Amino acid sequence: MADSMDEEMSEEPVPLQKDLTCPVCLCIFRDPVLLPCSHSFCRECLQGSLKHNKKCPLCKADFEEGNDISNRALSDACDTFLKHAHLRPNQKHASGDICNLHLKPLELYCEKDEEPVCVDCVSLHSTHRLWSIRDGALISKKELGFKVRIFEKKVESYKKTTHKISTAVEYIRQQAGQAEEQIKAEFERLRQVLVREEALRLKALASEEEEKIAALQELNDKTKRDIVALKELIDSLKKEMGNEDLPLLQNFQNLKRKTQWDGEDRRLGEDCLLNIGKHVGALSFKIWKNMQDHVKYNPVVLNPNTASPWLSLNADLTSVKESQERLTTPDNPERFDSCVFVLGVEGYTSGKHRWDVIVGDCPKWVVGVCKESVARKKKFTVSTNRGVWLIALREGVYTALTPERTKLEVQQRLEVIRVKLNIDKGEVSFFDGVTAKHLVTLTHKFDEKIFPMFGPGLHSTPMILAPGKMAVHTS
């Protein structure tokens, strides 16, 4: 009796399943909606059907969009059915091993939908490639294995990145330490200059003070001596004036001659006080003006963060030459690696700019400008169509690095190269920095930031950025 009941229960869901199946997708209803004609469909299936015509997919009755209502009773029945199907005591497979739609074992794998299906689902996947569960697992494992290898490579890449980051952090600390020492040394040097300037000015003040006081004391001493002499003369005259009349008159001419005072009038002379204006007037400006002799100005300085690891820069970033061994530097995006170049710190987007480069007797070099986006991590043909505008010396020949390589005619060896950049006119001109003779002008409509560019070649002779001239203008 119990066996017959189980058989009846096993057959019971089949007609119920049909009643709960959407006639469009042939799956258990999902969010069913009811039309005025009493037919129900999945909301998504109905919306897809209405794209073609405004009729019921079953009876073809006219239907106005918006007249459908949610069929909550049907939705609850579908949920109850699916739960009941998963919890049936006579089910031979675990709930995860049977098809939710047909309640049959999952024996096939759909490659396109990437999911296991039962034999009754074949009609729903008629255009898809189906595999056995075992073959499907092999296909999935193969794809997942490929992903694993990708992620393993990514892990290795990230490990290398963490090493680069650690190297960059240590490099930054070294940079900060070196910069701190250099800043302190430069300020100490300038402080010593100021101390010497202070001492000189205090000495000048003390010297003038001593000189002016000595002059006044000398004047004071002379005046006191004149006072003594005048008092003696007064006393003498008073005594003579006390004589009898006749003797006084007889001696009058002699007395009169004594009253002829030939001493100078004693008074404060001009410029007897300190020239305070000379000592403290516009003092800070005068000090700053005198500091020019101890300050160097460079219109361009080098950016060590762009320098090839084979280049060595001096402490104040105005000289570059070959390094005897590859330097340990971070592989930051700005740094040239395959090409031995270094850029200036400041880039330009407008205006006129000028700087001189001392190449001396370097046998090989390049000098000019480049756009900010120039390649940094790969070799490239150095030419104007690569975003660089340079002149070069190679094998004794001076050349403008245009695509066709323009040879420059020079009368004597170039020891100083003058670069003039006019962003607004789109020109970069090169001159002999000694004779001021024009060498060549390259033109381009600059549409991004432009940087000074230097390539000293792999040799020990340094390429030096010449200091610019300074002038003080007042108005």
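## Two loops with a positive phi

A436 sits in the loop that runs between strand 16 (427-432) and strand 17 (438-443). Helices (H or I, at least four residues) and strands (E, at least two) are DSSP runs, numbered from the N terminus. The phi of A436 is near 65°, a positive value in a residue other than glycine. With 46% relative accessibility, A436 counts as partly exposed; buried means under 20% relative accessible area, exposed over 50%, and partly exposed in between (1.4 Å probe, protein chains only).

L26 also has a positive phi, near 60°, and is not a glycine. Look for L26 in the loop between helix 2 (13-19) and strand 1 (32-34). L26 counts as partly exposed because its relative accessibility is 45%.

## About the model

This is a predicted model: local features need pLDDT of at least 70, side-chain atom pairs count only at pLDDT 80 or more, and totals for chains, interfaces and linings use all residues. Residues are numbered from 1 along each chain as its sequence is written, and side-chain values use heavy atoms, with hydrogens and water left out.

## A nonpolar patch

F146, I150 and F151 make up a nonpolar patch on the surface, and together they have about 290 Å² of accessible area. In such a patch, residues have over 30% relative accessible area and no salt bridge, with nonpolar side chains (Val, Leu, Ile, Met, Phe, Trp, Tyr) joined within 5 Å and like charges within 9 Å. Accessible areas come from the Shrake-Rupley method with a 1.4 Å probe, and for residues only the protein chains shown count as cover. A salt bridge is a side-chain nitrogen of Lys or Arg within 4 Å of a carboxyl oxygen of Asp or Glu.

I150 belongs to helix 5 (residues 133-241). I150 is partly exposed, as its relative accessible area is 32%.
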